[in-house]
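This report looks at pairs of oppositely charged side chains. The sequence and structure come next, followed by the pairs themselves.

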Amino acid sequence: MRWGSWGLSLLAGGLHALSLAAPWDGQPLWWLQMLALGTLAWQLSGRATWQQAAWRGWLFACAWLCGTFWWLFISMHTYGGLPAPLALLAVWALGGLLALYYALACALFARFRPSAPAHAALLFGALWLLAELARGRWFTGFGWGGAGYAHVQGPLAAYAPWWGVYGISALAAGLAMAVPHLLRSGWGMRAAVTLIVLLPWAAGQLGPSWSTSTGRLSVALLQGNIPQDEKFQPGSGVPLALRWYGEQLGRSHAPLVVAPETALPLLPQQLPEGYWAALQQRFSQGTQAALIGIPWGDARQGYTNAAVAWVPGHASLWRYDKHHLVPFGEFIPLGFKWFTALMNIPLGDFNRGPLGQPSLGWQGQRLAPNICYEDLFGEELAARFADPAQAPTVFVNLSNIAWFGNTVAIDQHLHISRMRSLEFDRPFVRATNTGATAIIDHRGQVTAELPRHTQGVLLGEVEGRQGITPYAWWAARFGLWPLWLGALGVCLWLRRPRS
């Protein structure tokens, strides 16, 4: 019986991973997420001890997380040269460590499980929220594959402008636990179905768009498709990137041209003679602006992963420095140099840019760049909304996730940007090395996209938006503290003495 229960937990966790981006078409499956988490909730809603609940929660989360970011194996083994057994062990260790948050949440639920269906749903939703917050924020945070991303399209997506992805995760967990408790308590299937229908219906009554148009901007998004194993090689990938991006930047007629993260893989002072000056001359006058990913800095001041822009009529170069750095890729955590020494990857030790850097103003829009997986941290993007008059009208993501091959990592990252669009009621444009290079409107819908792993230029229009969603308002002022305090408050309220 124990082996069957553990197997069911693992199966449900694997399905949970599939729900974030189906391998056959890359789309999120909100109903599968609810089914998978509902299976775990059904296992916890019976008479499971806290020890049994902890094991089931850990197995579920370990299968879910390893099944979500298994593609880390490709970066470590295929491109980094780490032996396959060690790369597999590293992915499992990361998933298993992060799964401990959910094991603790499930153990606490079983230990203090209320009998009333509503109280059980509230407690499980609050504990699940705390686990998601801890994973997404502690020790630099890695919230990739959070449960809420399966709902970027579906009935719960309407809650994003109110509570953000973490709030959706909590709501989904509460619903998943409410159904088996309603069935077990004798309320019956009718009550369970009513609950499932009522909350999505309420989401549809939450109001119209929170923003208004600021006009349209034509863009050209460059996708170089530079092979990752050659990207930083002086004799192959570097001259290929400089030639192709240089040609496309020179040919484009769009008012805004965007090249992805480290599109130019050298420091400005390392570029061929005349290359930098030609770009400056091309875009510092006329009617076009260019936003380009490039490493920046020197040995004295340090280096940053940057995006620089030339805007006609501005003598000085505009620059954004990446704030949220990737552990092991852009900085090496204390005590882990032995691990990175095993891999043949050009690792950096970058400086961190400040939070809430000013937007780039161009043609009536305020463009807010973010680099790589910075769009995973909505609470950090929210810092730009503290002053509504200076809030971004368009987000721009510059990425290179060629490290992970042609996998669902591309789709998962696309859905992360789509969730940010829903939270802030803002469009996203994405310029990437291998995909997904795309334009996303303020409703989280992909309106244009290049084929993945091809070389090309995506031409399209993006409609800027202004206005503040409830999530943008409170996250800009308080970060994620309202969610932390709300979840802890629910747990304490449910544990209060009852007369």
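A salt bridge is a side-chain nitrogen of Lys or Arg within 4 Å of a carboxyl oxygen of Asp or Glu. The model is predicted. A search of the whole structure finds 10 salt bridges. Three of them are described here, with the distance between nitrogen and oxygen for each.

| Pair | N to O distance |
|---|---|
| R216 and E461 | 3.0 Å |
| R452 and D411 | 2.9 Å |
| R452 and E449 | 2.6 Å |

R216 pairs with E461, with their closest N and O atoms 3.0 Å apart. This pair links distant parts of the chain, 245 residues apart: R216 lies in strand β1 (residues 212-223) and E461 in strand β12 (residues 456-466). R216 counts as exposed because its relative accessibility is 52%, and exposed means over 50%. E461, at 41%, counts as partly exposed.

R452 forms a salt bridge with D411. This pair also links distant parts of the chain, with R452 in the loop between β11 (446-449) and β12, and D411 in helix α13 (residues 408-424), 41 residues apart. Is D411 buried or exposed? D411 counts as buried, at 11% relative accessibility. R452 is partly exposed, with a relative accessible area of 24%.

The side chain of R452 also meets that of E449 in a salt bridge. E449 counts as partly exposed at 32% relative accessibility.

Terms used:
Residues numbered from 1 in each chain as written. Predicted model: local features only at pLDDT ≥ 70, side-chain atom pairs only at ≥ 80, totals over all residues. Heavy atoms only, no water. Helix = DSSP H or I, 4+ residues; strand = E, 2+ residues; numbered from the N terminus. Buried < 20%, exposed > 50% of the residue type's maximum accessible area, 1.4 Å probe, protein only.
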